[in-house]
Amino acid sequence: MPARAGAAPAVAMTLPEMGGRRASYRERIGEALRAAVITGELAPGKVYSVPVLAEQFGVSATPVREAMLDLVKEELVEPVPNKGFRVKVVSEEQLDEYTKLRELIEIPTTVALATTADPADIEALRPLAQAIIDAAAEEDLIAYVEADMRFHLEMLALSGNMTLVDTVRNLRQRSRLYGLTALLELGELEESAGEHMEILHGLLTRDPEYVRQVMELHLSHVRGSWAQPS
């Protein structure tokens, strides 16, 4: 973690691929910064300067500033005049509320897909599930969170309810997974990553109860060891 305002983040900032689609620097930088906030790589309460972050990305300050302003709208960071942007702190109570809402929305929606989703659409999610596993094996937490977000949102989109997808996106962005580093050190992150393949297996075999069990286990990590500050 950085020790002073404006210091470079503990990890090198790289631009995500955005699932192969064309995206602006602003979007790609925003995805990386958002994931860094969620994992705690950008530490809660710390102030980060735009020039320092731009140097990390190897780009000009403009797209970084624009991306940070997007994160301000999402209430992930707040501007600090003449210094940069401070990462907002999320309380234990807020984490509990976000996780409970995710359980209420994501579990039944995913379970329903076991009987309603087209198998071809489910199979199309496999590369994203593999990307999560690969990120865990490579110990790349930023890539892990980015791929995990895309996997779950694209899976939920198969329900046809985009308002639901937007709601879950907002909850996931507000959540924090500070304990990912601990899981990595314990050698448990790859096991958690593999659960995404288990979800696909349950959906493809049309087994709602199996999907429910895996989803309950998967989301229990969010408010278990994952959410604890490292």
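Is Arg26 buried, partly exposed or exposed, by its relative accessibility? Select Arg26 to begin: its relative accessibility is 32%, so it counts as partly exposed (buried means under 20% relative accessible area, exposed over 50% and partly exposed in between, with a 1.4 Å probe and protein chains only).

Before going further, a word on what you are looking at. This is a predicted model, in which local features need pLDDT of at least 70 and side-chain atom pairs count only at pLDDT 80 or more, while totals for chains, interfaces and linings use all residues. Residues are numbered from 1 along each chain as its sequence is written, and side-chain values use heavy atoms, leaving out hydrogens and water.

**Colour by confidence**

Now colour the protein chain by pLDDT (the predictor's confidence in each residue, from 0 to 100). The chain has a mean of 86, and 86% of its residues reach 70 or more. Helices here are DSSP runs of H or I with at least four residues, strands are runs of E with at least two, and both are numbered from the N terminus.

Next, select residues 1-11, where pLDDT stays under 50. The model has 28 contacts beyond four places in sequence for this stretch (contact means heavy atoms within 4.5 Å). Residues 18-22 also stay under 50, with six such contacts. Where pLDDT is low, the predicted coordinates should not be read in detail.

**Follow the salt bridges**

A salt bridge here is a side-chain nitrogen of Lys or Arg within 4 Å of a carboxyl oxygen of Asp or Glu.

Now select Arg174 and Glu75, whose side chains meet in a salt bridge at 3.2 Å, N to O. Arg174 lies in helix H8 (residues 162-174) and Glu75 in the loop between H3 and strand S2 (77-80), so the pair ties together parts 99 residues apart in sequence. Arg174 is partly exposed at 21%, and Glu75 is partly exposed at 42%.

Move on to Glu78 and Arg86, a salt bridge with its closest N and O atoms 3.3 Å apart. Glu78 is partly exposed at 29%, as is Arg86 at 30%.

For the last stop, select Arg102, Glu106, Asp148 and Arg172 together: a network of salt bridges links them. The whole structure holds eleven salt bridges.
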